[in-house]
Amino acid sequence: MRRTLLFGVVLSGAALAGLAWPAGPAWAEGEWEITPESEQALQRGLEWLARNQGPQGNWGSDDLGLVSTGALAFLAAGHLPGRGPYGDTVRKAMSYVMRNAQPSGLLNIANERRDMYNHGLSTFVLGQAYGTTEDRRLGPVLDRALRLIAQTQCGDGGWDYVARRQHSGHDLSLAVMQALALRSAVDSGLEVPPEVVQKAIQSVREHYSPRGCSRDADEEVQKKHAGQFTYSKGGGQATTAMAAAGVVCMQEFGQYGDWRIPKNMEVIGKAIREHAKPEQAKGRKQAPLDAYTLYYVAQALYQVGGEDWRQGYPPLRDSLVASQIESPDRPEEHGKWRSRGRVSGKPGELYTTSVACFVLAIPNRYLPILQEGKIERLKDQFNKK
């Protein structure tokens, strides 16, 4: 019988069985999701990542979040640590992250201003890998990492850049990373204190800003106006990335009926129509969106599903295929995606290529976070305002 220690609580096999999720998504998958071209692009991308990993397993980066995202690309494509053609690649990446875990549980060895970015991304990936590896280090590392997220949650339900508890969190980009990490643990059958999640949900809602009325207006009034999730609570930086990040948080914690979701999906749909144009991507050899935005947009489309997924995913997928670098006579280039956004150079290529592979692999539904539909038990547990 398997027993898992998390937050000082021992869960028996029976308890874990009670946390099992439905076998598939709430909508039917279709042949339209994957094309021969997208499969080939995914394989080229994984080959590039494997060729460029290096002996330490970290692709030359000390940002554990980027290294974890590299591992995520392979996990999403069904490659497990120590198994199959890329088993060693995944194992080395995860080993690099685990052996650099701090005694406090913190998964960051770069500048402290990147504490919770690297920590959230890495914890999310470790949570998705939990149960797929026989590496006994993973359980304790994940347990300490989750403890730290709970311990550093600020008074308003958000998080700061530095791993410390304060009165107020900093911005939505930090909240979504920790929320995904917490949900990743839940997906793998681990318990997370409900009050931590409930405070995080409330913090995300407070980052919603309507257009045409006050943020303090009654919800019934706000519903009549357009609006979206923003980087700061005052409405600053109303980006596509933040719209998607807010949707992902709401969906992942069972807030399926939240009226803010469709309003943000309008923002996302507009961005895809404007930027996801395969012919344009082919000419520029540039991904349709920067890696950070792409990461959340794709997840938001998938988790909401229905027409949003059916209409939004194909142009995103085809634009990624068109923008990939194909140069068989130059193995250092062949199969990568050029960096775009704030992360540039080699780290940017690692990040963009990893995220592109993750997005192309989503229809495989190998990751726990991509296997479930609407979970009523989760909805009831966290549906509190």
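Which residues line the largest cavity? They are D156, G158, W159, G169, H170, D171, A175, S203, H207 and K233. This is a predicted model, so local features need pLDDT of at least 70 and side-chain atom pairs count only at pLDDT 80 or more, while totals for chains, interfaces and linings use all residues. Residues are numbered from 1 along each chain as its sequence is written, and side-chain values use heavy atoms, with hydrogens and water left out.

**Empty space**

Rolling a probe the size of a water molecule over the atoms shows where empty space is left. Here the work is done on a 1 Å grid over the protein atoms alone: a cavity is a set of points where a 1.4 Å probe fits but cannot get out, a pocket is an open set with protein on both sides within 12 Å along at least five of seven lines, and lining residues have an atom within 4 Å of a point. Grid points are joined across faces, edges and corners, and a volume is the space filled by probe spheres set on the points.

The count comes to 1 cavity of 30 Å³ or more, and the largest cavity has a volume of about 40 Å³. Its lining divides into 2 nonpolar, 5 polar and 3 charged residues. For these classes, Ala, Val, Leu, Ile, Met, Phe, Trp, Tyr, Cys and Pro count as nonpolar, Asp, Glu, Lys and Arg as charged, and the others, Gly among them, as polar.

The largest pocket has a volume of about 720 Å³. Of the 25 residues that line it, Y117, Y292, R342, V343 and Y351 are the closest to its centre. By class, the pocket lining has 12 nonpolar, 7 polar and 6 charged residues. Helices α3 (64-76), α5 (115-129), α7 (172-187), α10 (240-252) and α13 each supply at least two of the lining residues; helices (H or I, at least four residues) and strands (E, at least two) are DSSP runs, numbered from the N terminus.

**Rings**

The structure holds 10 aromatic pairs, where rings of Phe, Tyr and Trp (its six-membered ring) pair if their centres lie within 6.5 Å, and planes under 30 degrees apart count as stacked, over 60 as edge-to-face and the rest as tilted. Two of the pairs look like this:

| Pair | Centres apart | Plane angle | Type |
|---|---|---|---|
| Y208 and F229 | 5.7 Å | 80 degrees | edge-to-face |
| Y292 and Y296 | 5.2 Å | 75 degrees | edge-to-face |

Y208 in strand β3 (residues 208-210) and F229 in strand β4 (residues 227-229) are 21 residues apart, so this pair links distant parts of the chain. Y208 is buried at 4% relative accessible area and F229 at 0%, buried meaning under 20%, exposed over 50% and partly exposed in between (1.4 Å probe, protein chains only).

Y292 and Y296 are 4 residues apart in helix α13 (residues 291-304), so about one helical turn separates them. Y292 is buried at 17%, and Y296 at 0%. Elsewhere, ring pairs link W32, Y302, W309 and Y313 into a cluster.

W59, in the loop between α2 (36-51) and α3, has a positive phi of about 55 degrees although it is not a glycine. W59 counts as buried at 11% relative accessibility. K285, in the loop between α12 (278-284) and α13, also isn't a glycine and has a positive phi of about 50 degrees. K285 counts as partly exposed at 24%.
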